[in-house]
Amino acid sequence: MLKRTEWREPMLVHESQPCGPVPTICDEEGIYPYVSFSETAERPVLRKLRMIAIENDWLKVTVCPGLGGKIHSILDKASGKEILFHAGSVRPVRILPRMAFISGGIEVSFPIAHTPVQIEAVHAAAEQIDDRLYIWCGEREVRYGMHWTVEYSLGEQDRLLTQRTTFVNPTSQAHAWMSWSNAALPARADSQFHFPAGHVLRHADVLEELEWSREREYRLADFDRMQGFFWKTSDCTAFGMYTPSLGSGLYHVADPAVTPGMKLWLYGTGRHEAWAHQTSQRQESYVEIQAGPLLEQADNTKLQPGARHTHVEYWLPSTVPLDIRAIKLPTPRLVDLRQVPVFDWVKRETTLPWLALLSAYEESKDLGVLLPAPPEPESCCWPPSGMEQLGEALLWAAMQEEDKVSRSLWVYYRAVWLAARDEMDEAIELLQTLELDCAYALLGRLLRVVKQDYEASRVTYDCMESAAWQLHPQLFIERDMTLEAIGHSTLEERERWFKLVDSLQDDGLVERKAAMLVARGSLAEAKALLENHRFGSIHQRYERTLLWMRIHEALGTPNVEIPEHLGEDDLAIYGAYRVSDANKES
């Protein structure tokens, strides 16, 4: 029996706070054109999210298009057991690319990891074709303008889920991409890791290569810290995890010629388990088993203009431990690729204004076409770099606009679009013609990061008229970084600015104030400031750690333990949560 259902399910959602109005160009904590986030609300709100389920007599698989098209649940119907980790809420934590990672289910990423649409809705469609049910999710992504579609399917007699992923590049340029399928499973001390013997790269507080043995058993209790493993070689095509105390597990198999990537990520038992708790309603840890068409998360490749990539993988839920070397590669008969939907742009608040502009531009030969209003700079709605025709449309809008302020905004957004496509010199020239606080804000960053002209950046920030813009934490931090780069002569100026925000407890402001105190030589005061503020947690960022070490080296107390309340992990720097921003190579 095959069955498909659809509904809207109430979920607890912890809303995220945008970092600020400056576009995420040359932003170390963001990826353009997506909004990046600085913190997550402790109290959730109720939101109804779209769910689509497909099931047969053995399995019920639920997909959530409202959370990036991820698999929300895999239910083993015979035992009634939920196979996947369920966080209980949507509670983002800070990790690149957008500082808004959520755990649970199975996430599919593209063109960067983790997927930038984890907390956004994507297109979805479902259909039964012959004796097979299909769910397709996807979009045309806004970074590069490529299409992605993930297909989940279930046959009438299947005891496994088939996942087929397709990427298409319709643009005129080659673009870098990576992709990982990331399954989260509930973790217990007795959780067993069934992975191939082979050579692995271990990513913990150090990067090292070691052998994963076929002769020994690996359990969560054997690991006392967070770490990841990437298989560089393997002696079979399947891997997975099984937890005896839960009586459930999940295995993955794929053709290694197309999908060779295997990864295990765990928090271990001990102090790092708290990192897992931050994404859920309860203090329960999870493990991630991952697969992809590339061997390591530091890898990416290019999709050429007009090219298509497709890979298939299979997820095998189980209520008993399986022998990974006995798992055969399935050969289901899938619908022809020509019938797989290729989705267009998703109509979101951040894309609707630009789609309206493109539509007006395309119809501009007709009389009476109305030019839409440009988005307000405070809206964090920036022109998608993946929309190749936007450059011409923005130029047309600026020429058509009669209102001076609106015309300046169209010029500003054209400069933003150009900078996002790495046409920095032209973007800077345009920004220098504008008298808008939003333009000064971006220009100040580009002069500092791209041109390393710190004095020009300082002058640019001084041109801003609005006190609200000047004192917004994002802009405040940007200016302070410019002043720091100039040197010791700016200390008095930096102190004057900090006195204007000395009651705020924003993590970024506290961090920058500590850096200013170190530059001033007030080491004890800087140390006390870091000791008395509890920072929000963030993965793979080490500014506070380096600052703490710098303070103690100056105080003559090196090798001191890094306090956990600084909120930074102790992993070695590794991985690529975003592919090459410049994207210059073809």
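## Before we start

Because the model is predicted, local features need pLDDT of at least 70, and side-chain atom pairs count only at pLDDT 80 or more, while totals for chains, interfaces and linings use all residues. Residues are numbered from 1 along each chain as its sequence is written, and side-chain values use heavy atoms, with hydrogens and water left out.

A quick word on names: helices (H or I, at least four residues) and strands (E, at least two) are DSSP runs, numbered from the N terminus.

Let's begin with β12, which covers residues 161-168. This strand is mostly covered: eight of its eight residues are buried (buried means under 20% relative accessible area, exposed over 50%, and partly exposed in between, with a 1.4 Å probe and protein chains only). In a regular strand the side chains alternate between the two faces of the sheet. Here, Leu-161, Gln-163, Thr-165 and Phe-167 point one way from β12, whereas Thr-162, Arg-164, Thr-166 and Val-168 point the other way, and all are buried.

Who sits beside β12? Strand β11 (residues 147-155) runs antiparallel to β12, and seven bridges join the two; two strands pair if DSSP finds at least two bridges between them.

## A closer look at Val-168

Val-168 belongs to strand β12, and its bridge partner is His-147. With 15% relative accessibility, Val-168 counts as buried. What does Val-168 touch, not counting residues up to four places away in sequence? The list is Met-146, His-147, Leu-303, Ala-307 and Arg-308, where contact means heavy atoms within 4.5 Å. For a sense of distance, Val-168 and Ile-112 are 56 residues apart in sequence and 15 Å apart in space, going C-alpha to C-alpha.

## The β9-β10 hairpin

Another antiparallel pair is strand β9 (residues 123-129) with strand β10 (residues 132-140), joined by seven bridges. Across this pair, Ala-126 stands opposite Ile-135 in β10. The two strands form a hairpin with two residues between them.

Asp-130 is in the turn of that hairpin. Its phi is near 60°, a positive value in a residue other than glycine. Is Asp-130 buried or exposed? At 69% relative accessibility, Asp-130 counts as exposed.

You'll find Gln-540 in the loop between α12 (523-531) and α13 (543-555). At 17% relative accessibility, Gln-540 counts as buried.

Then there are the cis peptide bonds. One runs from Tyr-32 to Pro-33, with omega near 5°, and Pro-33 lies in the loop between β2 (16-18) and β3 (37-40). Another runs from Ala-113 to His-114, with omega near -10°, and His-114 is found in the loop between β8 and β9.

## Gly-105, tucked into a loop

Gly-105 sits in the loop between β7 (81-82) and β8 (106-108), and at 2% relative accessibility it counts as buried. Leaving aside neighbours within four places in sequence, Gly-105 is in contact with Lys-70, Ile-71, His-72, Leu-84, Phe-85, Asn-182, Ala-183 and Ala-184. Gly-105 and Ala-467 are 362 residues apart in sequence and 44 Å apart in space, C-alpha to C-alpha.

## Helices α4 and α5

Finally, a helix pair: the axes of α4 (residues 404-420) and α5 (residues 424-431) come within 8 Å and cross at roughly 160°. Axes are lines fitted to C-alpha atoms, for helices over the stretch in contact, and angles run from 0 to 180 degrees between N-to-C directions. That crossing makes α4 roughly antiparallel to α5 (angles under 35 degrees count as roughly parallel, over 145 as roughly antiparallel, 65 to 115 as roughly perpendicular and the rest as oblique).

Which residues make the contact? From α4 come Val-411, Tyr-412, Arg-414, Ala-415, Leu-418 and Ala-419, and from α5 come Met-424, Glu-426, Ala-427, Leu-430 and Leu-431. These divide into nine nonpolar, no polar and two charged; Ala, Val, Leu, Ile, Met, Phe, Trp, Tyr, Cys and Pro count as nonpolar, Asp, Glu, Lys and Arg as charged, and the others, Gly among them, as polar.
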